[in-house]
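Welcome! Please take a look at the structure below, and then we will walk through its charged pairs and its core together.

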Amino acid sequence: MLLGAQHWLSEVEKIFMMMGCYEEHKVTYATYMLSGEVEDWWKFASQTLPSNKGVISWVAFNESLLDNYFQRDLHKQTTREFLELKQGSMIVGEYALKFHELMKY
């Protein structure tokens with residue numbers, strides 16, 4: 001689910017950027033698009049996240065979503081892969097792409 005969650009967040013952020021979405025509306029708009037298991041998670045998480053005048057920050061939402069759907073072992077594995085990344089036989093473009101992909105984690 002990590003890559004799915006990360007991809008979903010990236011896509012939602014692209015939409016927000018295009019729309020000129022205000023920070024205080026991002027969580028409300030994004031959570032409207034949740035369904036199934038993730039929507040159930042949100043019903044609980046929304047009551048536990050800190051808010052400012054009833055508004056949960058986009059950063060807090062992102063962190064909570066990724067913490068919930070980002071398996072710790074996968075995080076450790078990706079971090080290790082990032083720290084041990086060497087260009088080796090990859091061309092510069094391939095290496096740069098892999099570097100940026102792993103840098104997210």
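**Salt bridges and a nonpolar core**

The side chains of Glu 11 and Lys 14 come together in a salt bridge, with 3.2 Å from N to O. Here a salt bridge means a side-chain nitrogen of Lys or Arg within 4 Å of a carboxyl oxygen of Asp or Glu. This is a predicted model: local features need pLDDT of at least 70, side-chain atom pairs count only at pLDDT 80 or more, and totals for chains, interfaces and linings use all residues. Residues are numbered from 1 along each chain as its sequence is written, and side-chain values use heavy atoms, leaving out hydrogens and water.

**Salt bridges**

- By this rule, the count is three salt bridges.
- Side chains of opposite charge can pair when their charged atoms come close.
- Glu 11 and Lys 14 both sit in helix H1 (residues 2–19), three residues apart, which is about one turn of the helix. Helices (H or I, at least four residues) are DSSP runs, numbered from the N terminus.
- Glu 11 is partly exposed at 33% relative accessibility, while Lys 14 is exposed at 52%. Buried means under 20% relative accessible area, exposed over 50%, and partly exposed in between (1.4 Å probe, protein chains only).
- Lys 26 and Glu 23 form another salt bridge, their closest N and O atoms being 2.7 Å apart. Both lie in helix H2 (residues 23–32), three residues apart.
- Lys 26 is buried, at 14% relative accessibility, whereas Glu 23 is partly exposed, at 46%.
- Lys 98 and Glu 81 also meet in a salt bridge, at 3.1 Å from N to O. Lys 98 belongs to helix H6 (residues 92–103) and Glu 81 to helix H5 (residues 72–83), so the pair ties together parts that are 17 residues apart in sequence.

**The nonpolar core**

- The largest nonpolar core has 20 residues, and those with the most contacts inside it include Trp 41, Trp 42 and Trp 58. Such a core is a set of buried Ala, Val, Leu, Ile, Met, Phe, Trp, Tyr and Cys residues joined through side-chain atoms within 4.5 Å.
- The elements giving two or more residues to this core are H1, H2, helix H3 (36–48) and H4.
- H4 gives the most to this core, with six residues.
- Trp 42 touches Val 27, Thr 31, Leu 34, Leu 49, Ile 56 and Phe 61, not counting residues up to four places away in sequence. A contact means heavy atoms within 4.5 Å.
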